[in-house]
Amino acid sequence: MQALTKRSKQVDRRPMTAMEKMYLPSIIKGMGITFSHLFKKKPTINYPEQQRPFSAVFRGVQILNRDEEGRERCTACGLCAVACPAEAITMEAAERQPGEENLYREEKYAAKYEINMLRCIFCGFCEEACPKDAIYLTQTFTPANYGREGFIYKKEDLLIPNPVTQPEEYAKAKGTIGKDIK
Amino acid sequence: MYLLQFDWFIVLEKFILIAAIVTIALVVAMYSTYAERKIAAFLQDRRGPNRAGPFGLLQPMADGLKLFMKEEIIPLASSKFLFILGPMLAMITATMTSAVIPWGTTIEIAGRQVPLQIADINIGILYVFGVVSLGVYGIMIGGWASNNKFSLIAAIRGASQMISYELAMGLALIAVLMISGSLRLSVIVQEQIQHGWNIIYQPLGFLIFFICALAECNRTPFDLPEAENELNFGYHQEYSSMKLGFYLFAEYINMFISSVIMATLFFGGYDIPFVNEGAWGNAWWVGVVGFGVLMLKAVLFIFLFMWIRWTIPRFRYDQLMNLGWKKLLPLALANMLLTAVVVLLLNR
């Protein structure tokens, strides 16, 4: 009969020889195989101490950007929320009051900005949609949480540290933004 | 007035010995669980427990603590008395066997001859055999008292397996008896020190004994009583907390004790090969060295047990019975007859 594929193998259906019936030689062979694995290199990575590097285009948790003077870039235009296929983003806009020029870059800002991390699919459309360079995806992923409420990230959770008052934290957070480095 | 002349120090001496040996057995069993996990991991290219303490060495303590903290559940439908008796029996019978094992030579402490053996009784092997057979009661009672179908099936399997493999084991032992001419374990060890280890004269007997020991300890490939995937952990399915811990612990103690017994019966006990340690006198350190050698042999056997566990898959029930009754039993009988004829001809 013609074989359908080249991978088919003839099965040996001869009765077992006395040596094979004893089983012990095969068992010893098998134990040799397992013993050789004692000395093999282990592919495991000791997670918290060692971490596998992410690729440069890895899309992780969002971050809300500030400008050089530490002002929030977001103007609550809602384009990210529109672009979001998972409808994870909600926001409320507010008008900048006189005296708040050092806090917000433009006249309008996001008083409330929430991303539901259980809905988010990390597609990066929000980052692409943003006209103000205000939202970026970082190289960190969402940490575990005990309740669903903990996964709804507020503006405080998302905002990048202020470059003027907290330059070190800002530089660290900035480093996690993959595509921003270019 | 014979009682007044009774040597009270012997009570103290034996008491210390019992405490030491039980402690050692428990510690070895504790670290066997750690070794089992490590060896399993290494054979599967994993790392094993490495979080609790350096190299995960405190893992057994963490496991023990966890088991103590767990909620104790006694099923309403169970027979409460037997349910508690089961793990107790398993644990007691597991430790009882250690009583007749010679752990080292007779040493001299403060002018007293102290044999490193709790009871040098003249029916040593029979005692071991009897207590090992009792071990199945822990499994049977536990499985029966749980009032659970899986546990009951596991208990029945365990009982039938024990009975089947005890026969071949006993016959393999008889061949050893013929060579050494005594049931006394200390005599068997002395005989081996003088004439060479029993493994040289009884390779087949050892193989049969070893396979039966695997079955008696419920170790893979004969772990049918606790077959995880078909019987849901079998006889200890309904157990929780430290009662479960006792069952798991008893298995490791059994493994340790049977390793020691195999080392004693076939590998010269505390004898160091190619060294005439009898010429060293009987200072205390000779006993310690002998004990260390015995422990080394036992540890190697424990490693072998674990190595087999993570290599060979479980037997099917009919295969188990087939191997026990149709292969091992005739082999053991033939081995016994052959040994008898040779011993008779050589008139040893």
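This is a predicted model: local features need pLDDT of at least 70, side-chain atom pairs count only at pLDDT 80 or more; totals for chains, interfaces and linings use all residues.
**View 1. Helices H10 and H11 of chain B pack against each other.** Here H10(B), residues 241–266, meets H11(B), residues 284–309, at an angle of about 120°, and their axes lie 8 Å apart. That angle makes H10(B) oblique to H11(B). The crossing of H10(B) past H11(B) is right-handed. On the H10(B) side, look for residues including B:Tyr252, B:Phe256, B:Val260 and B:Ala263; on the H11(B) side, the contact includes B:Leu294, B:Ala298, B:Phe301 and B:Phe305. Sorted by class, the contact has 13 nonpolar, three polar and two charged residues.

**View 2. Helix H4 of chain B covers residues 124–145.** With 22 residues at 1.5 Å a residue, H4(B) should span 32 Å, and the 32 Å between its end C-alpha atoms agrees. Buried residues in H4(B) include the glycines B:Gly124, B:Gly135, B:Gly138, B:Gly142 and B:Gly143, along with B:Ile125, B:Val128 and B:Ile139. Among the elements covering the buried residues of H4(B) are H3 (80–96), H5 (149–180), H6 (185–195) and H10 of chain B. If you follow the chain just past H4(B), you will find B:Asn147 with a positive phi of about 55°.

**View 3. B:Asn198 sits in helix H7 of chain B.** H7(B) runs over residues 198–201. With a relative accessible area of 2%, B:Asn198 falls under the 20% cut-off and is therefore buried. Leaving aside residues up to four places away in sequence, B:Asn198 touches B:Val176, B:Ile179, B:Ile188, B:Gln192, B:Leu265 and B:Phe266.

Methods: Residues are numbered from 1 along each chain as its sequence is written. Chains are lettered from A and ligands numbered from 1 in the order in which they are written. Side-chain values use heavy atoms; hydrogens and water are left out. Axes are lines fitted to C-alpha atoms, for helices over the stretch in contact, and angles run from 0 to 180 degrees between N-to-C directions. Helices (H or I, at least four residues) and strands (E, at least two) are DSSP runs, numbered from the N terminus. Angles under 35 degrees count as roughly parallel, over 145 as roughly antiparallel, 65 to 115 as roughly perpendicular and the rest as oblique. A crossing is left-handed if the near helix is turned anticlockwise from the far one by less than a right angle, and right-handed if clockwise. Contact means heavy atoms within 4.5 Å. Ala, Val, Leu, Ile, Met, Phe, Trp, Tyr, Cys and Pro count as nonpolar, Asp, Glu, Lys and Arg as charged, and the others, Gly among them, as polar. The expected span of a helix is 1.5 Å times one less than its number of residues. Buried means under 20% relative accessible area, exposed over 50%, partly exposed in between (1.4 Å probe, protein chains only).
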